[in-house]
Amino acid sequence: MGVKLWLAIAGQIGQIGTLLIGSLGIFVALRNQRRQLNAQMFIEFSNRFQQLLRTFPKEAWLANHAASLPLPPSSSELTECTLYCIHFVADVYYLHRGGYVSAKLWRLWERDIKRTLTGPVFQRELRAVEIEFSQDSEFLGYLRSLMRDCGCEQTSSCGP
């Protein structure tokens with residue numbers, strides 16, 4: 001009877017081992033799929049960002065990041081491009097909030113989002129497009145928290 005018991009135990013251990021190996025395989029596959037989706041998302045949003053950069057007036061983009069450059073005058077083109085950029089940020093923000101963007105990727109994007117949105121051109125233009133997001137208090141709260149973190153006021157520009 002001892003041999004039968006050992007065979008039964010060995011069979012159970014074999015089944016448990018098979019389950020563990022199968023579970024590990026599923027875990028690795030899901031992890032790889034998530035990484036692949038994050039990579040695809042990064043590529044897609046990078047492409048969208050490049051398209052935005054091509055439409056944004058160059059002098060305004062440069063002035064937003066370099067305090068030494070004069071601010072370009074406000075224009076409908078600049079306001080429209082700012083609106084597109086804020087919509088882009090909202091898309092990325094909600095993907096992050098939904099858990100679709102990894103924390104590491106979000107930290108990378110958020111640093112650039114903050115740097116861009118707290119620049120003087122975006123500060124000025126944000127006041128003109130903010131009404132478009134008035135129904136979205138969560139996102140507006142996020143934008144305002146970025147402004148507070150840099151010391152920006154809603155009625156004044158960031159920077160010198």
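The model is predicted, with a mean pLDDT of 86 over the protein chain. The largest pocket holds about 380 Å³ of space, and α4 supplies the largest share of its lining.

**Confidence**
- In the protein chain, 92% of the residues reach a pLDDT of at least 70.
- Among the elements, helix α3 (residues 76–97) has the highest mean pLDDT, at 92, while helix α6 (residues 137–150) has the lowest, at 84.
- Watch residues 154–160: pLDDT stays under 50 there, and the model has 14 contacts beyond four places in sequence for them.

**The largest pocket**
- There's about 380 Å³ of space in the largest pocket.
- It's lined by 19 residues, and the ones closest to its centre are Phe49, Phe88, Trp109, Asp112 and Ile113.
- Elements giving two or more residues to the lining are α1 (2–55), α2 (58–65), α3 and α4.
- Helix α4 gives seven residues to that lining.
- Sorted by class, the lining has 14 nonpolar residues, three polar and two charged.

- Thr116 sits in helix α4 (residues 103–117) and counts as buried because its relative accessibility is 11%, under the 20% cut-off.
- Leaving out residues up to four places away in sequence, Thr116 touches Trp61, Asn64, His65 and Phe122.
- Lys104 is also in helix α4, but it counts as exposed because its relative accessibility is 66%, over the 50% cut-off.
- Lys104 and Leu24 are 80 residues apart along the chain, with 24 Å between their C-alpha atoms.

Notes:
Residues numbered from 1 in each chain as written. Predicted model: local features only at pLDDT ≥ 70, side-chain atom pairs only at ≥ 80, totals over all residues. Heavy atoms only, no water. pLDDT = per-residue confidence, 0-100. Helix = DSSP H or I, 4+ residues; strand = E, 2+ residues; numbered from the N terminus. Contact = heavy atoms within 4.5 Å. Buried < 20%, exposed > 50% of the residue type's maximum accessible area, 1.4 Å probe, protein only. 1 Å grid on protein atoms, 1.4 Å probe; cavity = no way out; pocket = protein on both sides within 12 Å on 5 of 7 lines; lining within 4 Å. Points joined across faces, edges and corners; volume = space filled by probe spheres on them. Nonpolar A, V, L, I, M, F, W, Y, C, P; charged D, E, K, R; others polar.
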